[in-house]
Amino acid sequence: MGALFRSEEMNLCQIFLQSEASYACVSELGELGLVQFKDLNPDVNAFQRKFVNEIMRCDEMERKLRYIEKEMKKDEMKIPDTIENPKAPAPKEMIDLEATFEKIESELREVNTNAEALRRNFLELSELREVLKKTQVFFAEHGGHHSMIDDVQMALVHEDTGITSTTVQLGFVAGVVPREKIPVFERMMWFACRGNVFLRYEDIDQVMKDPVTGDEIFKSVFIVFYQGEQLKARVRKICEGFKAVLYPCPENSQERFEMSNGVSTRLEDLRTVLYQTEEHRRRVLASAQKEIRLWVIKVKKIKAIYHTLNLCNFDLSHNSLIAECWCPVMALEDVQMALRHGTELSGSTVPSILHRMNTKETPPTYFRTNKFTAVFQSIIHAYGVAEYQEVNPAPYTVISFPFLFAVMFGDVGHGFIMFLFGLWMIAYEKKFLAQKSDNEVWNIFFGGRYIIAMMGLFSVYTGLIYNEVFAKSVNIFGSSWIPNYDEAALEANTDLTLDPLTMFDNVTGPYPLGLDPIWLSSLNKITFTNSFKMKMSVTIGISQMILGVLLGLVNHVYFRKPLNIFCQFIPELLFLLCLFGYLVALIFYKWVSYTNHCTQCAPSLLIHFINMFLVKYQHANDGYQNASYSCETADPDITGCTSQTTFYPNQMIIQLCLVVVALLCVPTMLFIKPFVLRHRHNSMLKRRAGLTAVSQSALIHNEELDEQSGTGNGTADKEQAISDIELGTVRSSEVKLSINGDGGEHNHAEMEDQSADDVKLEEFDFSEIFIGQAIHTIEYCLGCISHTASYLRLWALSLAHSQLSEVLWGMLFRFSLKMNIPYGGSVIIFVVFSVFAVLTVGVLLLMEGLSAFLHTLRLHWVEFQSKFYHGSGYNFDAFSFKNLQNADLDE
C-alpha cells in the first residue's frame with residue numbers, strides 16, 4: 001500500500017543502441033514493460049521515418065492474417081487461446097513468416113476460387129435439372145408435347161382471324177427467375193407482348209445457395225410460349241432485364257429424359273469434387289488454426305518494436321540509435337539487465353548505454369497496482385491522473401469508498417447478496433477471464449468484482465449497526481427496554497410510551513451492537529433514526545474533509561512550499577475546525593452530557609449554530625449563566641434552561657472567538673500570498689537592476705565574482721541572494737493562473753525551479769494571481785458549507801433505502817403471509833416471493849446500489865479530493881507486450 005501513497009520516482013534516461021542490437025534491446029524492454037519512450041522525431045512524417053518499410057511489411061502480414069481469420073470464422077472454426085507468450089522473432093524470421101502467410105493465403109484463395117466455380121456450375125446444373133423436370137411435368141399435364149402445343153395455339157389464336165390452329169408456328173423458352181420477381185415478371189410479359197405469349201411457372205422446392213456468399217436463394221421455373229421471331233426477341237429481352245437464366249430445353253420428351261440423366265450424373269461428380277475441395281480447405285485452415293494466435297502475437301510485437309524504433313534518432317557517424325525514455329528509478333537495474341540481455345542475443349560486441357539525464361520536464365505518473373487496487377486507482381484516474389509525486393487518494397479510497405457506500409446501503413440481507421455476487425466472480429475469475437466476453441455490462445461488473453465484494457461486506461456491517469435485515473430487525477443480544485405494562489393495559493391501548501426512567505435496563509446497559517431492535521417497531525422510529533443518521537453523516541463528512549486538508553499539508557511539505565503552509569493550509573484548517581469542527585464537538589458533547597433526566601434542557605444544535613453567527617444568545621436564570629449544571633440534579637424550573645439557552649460555561653465568549661478566528665482566516669488566505677509573491681518579484685527586479693544581470697545564473701555568477709574580487713557585498717549577502725532564489729523568488733510558474741481548487745503548489749500561483757535563462761519576470765501579473773487566489777478563497781469557504789450539506793446525502797439515501805425495503809416487505813410479502821387460504825396459500829406465497837425477490841434484486845440491489853455508488857463517487861471526487869488533489873498529470877504509458885497476448889488484429 002505504501003507504493004500507492006505517492007507515484008513512483010521517475011527518471012528521464014537516454015539509451016544508446018547499436019544498430020544491430022537495437023531490435024533485440026527494444027524487444028527485451030517491451031517484455032519488461034517499464035519504459036515509456038519519447039518521440040524524438042515529432043516533425044518527421046510517418047512515411048519518412050527509417051523503419052517505415054518494415055512497418056508496411058507488418059501491415060501486409062496483418063492483412064493476410066485477417067484474411068485467414070475471416071475464412072476460419074466463415075467455417076465457424078474457433079481460434080484457440082494460448083497461455084504461451086512467444087518472444088518477438090528476429091528480423092530475419094520475418095521472411096519465413098511472410099512466406100508462410102503468402103503460401104496459406106494463395107492456397108486459400110485458389111481453393112476458394114475453384115470452389116466458387118464448382119458451386120456456380122453446381123447451381124447451374126441444379127437449375128437445369130429443375131427446368132427439365134418442371135417442363136416435363138408441364139407437358140405431361142397436357143398429354144404430351146403436341147397436345148400442349150395445341151392448347152397453347154387455341155389460347156393464342158383469335159376466333160375472328162379465320163386462321164386454323166395448324167398454321168401457327170410456336171416456340172418456347174424455359175428458365176429460372178427469382179421467386180420474388182414472378183408477379184412483376186408475369187405482368188411485364190403480358191403488357192410487353194400484348195397478351196400474345198403463354199406463361200407457366202412453378203416454384204422450385206429445393207433450396208439453392210449463392211455460390212459467392214452462401215446465402216439461400218429461392219427461384220421458380222418458368223416456360224413461355226410465343227409465336228414469331230419478334231416476340232421471341234422481346235421475351236428474351238424481358239428475361240434479361242429480370243436477370244432470369246434461360247436453359248436449353250429439347251422439344252422431344254426422350255431427349256429431355258436423356259439430358260436430365262446426363263445432368264444428374266454430372267451433379268454427382270460435382271458433389272464429389274466439391275466435397276474433396278472443402279476437405280482440402282478445412283485441412284489448410286486446421287493447420288493454420290493451431291498457430292494463428294501465436295502468429296498474431298509475433299506480428300504485433302514486431303510492429304510495436306519498429307514503431308518504437310521510429311521514435312529514436314539515428315546517428316550516422318556512430319551507426320547507432322539514440323532513444324529517450326521515462327523509467328521508474330526502482331526499475332533502472334532491470335532496464336540495464338534487459339539491455340545487456342538484448343545485446344547478447346543480437347551478438348553485438350558493443351554494449352548498450354543507459355544514461356540518466358537531468359530535466360525540468362514533468363515526469364509521468366506511475367503507480368504500481370495489483371488486481372485488487374487497480375479498480376480503486378481507476379476510480380481516481382476517472383477524475384484525473386495525479387500530478388507527479390502528488391499524494392494519491394487511492395489508499396484511503398480503498399476503505400472510505402465501500403464504507404460511504406455502505407452508510408447509504410446499510411442492510412445485512414442486501415449487503416450479503418452483493419458480497420456473495422462479488423465473491424462468486426472472484427472465485428471464478430480465471431474462468432471468466434478465459435471466456436473473454438463481449439458483453440459490456442458484464443465486463444463492467446466483472447471489472448469491479450473486488451469493490452462489489454467490499455461494498456457488500458461493509459453493507460453487512462452497517463446493516464448490523466442499523467439492525468436491518470430486509471427491513472426487519474433482529475434481536476440477537478436481547479433488548480435493553482423492559483416494558484412493564486400488564487395485559488389489561490396492552491389490550492386497552494394500541495399506542496403505549498416507554499419511559500426510559502422506569503423501563504430501561506440500566507444494569508446491562510444499551511444494546512451491545514447497533515440500534516436496539518425495539519426502535520424498528522416503534523412509531524417514532526423515523527424521528528430517532530433520522531436524528532442519529534443526520535448527525536452521523538455530518539460527523540463522517542467533516543472528518544473526511546479534515547483528512548483532505550491534512551493531506552494537502554503533506555503535499556506542501558513534500559514539495560517544500562512553506563508559503564502554502566502558512567498562507568493556505570493553516571487558515572483552511574482553522575476555518576474548517578472553528579466552524580464545522582466545533583459543530584462535531586457539540587454533537588459529541590450533547591450525546592455524552594444529556595440523558596433522559598434533562599430532556600427539556602437538551603440543546604437544539606442547529607439553532608445554536610445559527611445563533612453563533614447572529615451573536616444571539618439566551619441565558620439561563622441567575623446563578624446558572626456561567627456554571628455547568630449537572631443533568632441528573634438540574635431542575636428546568638429552577639435553572640430556566642431550554643433547548644435554546646447556553647449549555648456550557650463561557651459559551652458566548654468561546655463561540656465569538658471561534659467566529660472571529662474563522663473570519664480572520666478569510667483575508668489571510670486572500671491577501672498574504674499574492675502580496676508576498678509580489679514582494680519577492682519586485683525584490684528580484686531591484687537586485688537584477690543593480691547588478692545588471694539578465695538571468696539567475698548571471699546574478700549568482702556576478703555575486704561570486706564580486707566576492708572573489710573583494711568588491712561585493714560579502715558572503716552573507718551572497719547566501720541571502722541564493723537562498724531567495726532557492727525559496728522560489730523568481731520561479732516562473734508564479735504567473736500560472738488556475739481556478740481549479742485550493743491554489744496549491746501546482747495549479748495556483750506557485751513557482752517551479754526552472755533554468756535562469758527561461759525565467760521571464762515580465763510575465764508576472766499581480767492581478768491574475770490575486771484573482772486566482774480570490775477565486776480559491778471564495779470557493780473553499782463556500783465549499784466548506786456546501787460540502788458539509790452535501791454529506792447529508794448519506795442520511796437521505798439511507799432513509800430512502802430503508803423505507804423502500806420496508807414498503808416491499810410490508811405491502812408485498814407480508815400481505816401474502818397474512819392470507820389464510822387452504823392448499824392455495826403456499827402457491828400464492830411462492831409466487832409473491834418470486835416477485836419480491838425480483839424486485840429486491842432489480843430495484844434495491846441494482847437501481848439503489850447504482851444510485852448509492854454514484855453518490856459515493858461524487859463525495860470522493862468533489863468533497864474529499866478537492867481539498868488536496870489536483871489530478872492534472874499524465875499517466876505513465878509504458879512500452880509493454882503484456883496486452884498483446886489477448887489483442888485482436890483489428891486493434
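Four strands make an open sheet here, in the order S4-S7-S3-S8, with antiparallel pairing. This is a predicted model, where local features need pLDDT of at least 70, side-chain atom pairs count only at pLDDT 80 or more, and totals for chains, interfaces and linings use all residues. Residues are numbered from 1 along each chain as its sequence is written, and side-chain values use heavy atoms, with hydrogens and water left out.

**The sheet**

- Strand S4 (198–203) and strand S8 (245–247) sit at the edges with a single partner strand each, so one side of each has no neighbour in the sheet.
- From one strand to the next, the twist averages 25 degrees.
- S3 (residues 170–178) and S7 (residues 219–227) pair in the antiparallel sense over nine bridges, and Leu-170 stands opposite Gln-227 in S7.
- On terms: strands (E, at least two residues) and helices (H or I, at least four) are DSSP runs numbered from the N terminus, and two strands pair if DSSP finds at least two bridges between them.
- Strands of a sheet pair through backbone hydrogen bonds, either parallel or antiparallel.

**Helices on the sheet**

- H4 lies across S3, S4, S7 and S8 and runs at about 55 degrees to S7.
- Helix H6 (residues 182–193) also packs on the sheet, where H6 touches S3, S4 and S7 and its direction makes about 170 degrees with that of S4.
- Contact here means heavy atoms within 4.5 Å; axes are lines fitted to C-alpha atoms (for helices, over the stretch in contact), and angles run from 0 to 180 degrees between N-to-C directions.

**Arg-256**

- Arg-256 lies in helix H8 (residues 253–289) and counts as buried, because its relative accessibility is 2%.
- The cut-offs: buried is under 20% relative accessible area, exposed is over 50%, and partly exposed is in between (1.4 Å probe, protein chains only).
- Leaving aside residues up to four places away in sequence, Arg-256 touches Leu-132, Thr-135, Gln-136, Phe-139, Cys-249, Pro-250 and Glu-251.
- Arg-256 and Arg-129 are 127 residues apart in sequence, with 9.8 Å between their C-alpha atoms.

**Salt bridges**

- The count comes to 29 salt bridges, each being a side-chain nitrogen of Lys or Arg within 4 Å of a carboxyl oxygen of Asp or Glu.
- Lys-300 and Glu-62 meet in one of them, at 3.7 Å from N to O. Lys-300 is in helix H9 (residues 292–309) and Glu-62 in helix H3 (residues 52–74), so the pair ties together parts 238 residues apart in sequence.
- Glu-71 and Lys-74 form a salt bridge at 3.5 Å, N to O; both lie in helix H3, three residues apart, about one turn of the helix. Glu-71 is buried at 2% relative accessibility, while Lys-74 is exposed at 52%.
- Arg-120 and Glu-116 pair up at 3.1 Å, N to O, and both lie in helix H4 (residues 93–141), four residues apart. Arg-120 is partly exposed at 34% relative accessible area, and Glu-116 is partly exposed at 26%.

**Annotated transmembrane regions**

- An unreviewed UniProt entry places "transmembrane region" at residues 403–426, 447–466, 538–558, 570–589, 652–677 and 821–847. UniProt positions use the numbering here, feature names are shortened, and annotations may be inferred rather than shown by experiment.
- Residues 403–426 are 88% helix and 0% strand, with the end C-alpha atoms 20 Å apart.
- Residues 652–677 are 100% helix and 0% strand, with the end C-alpha atoms 38 Å apart.
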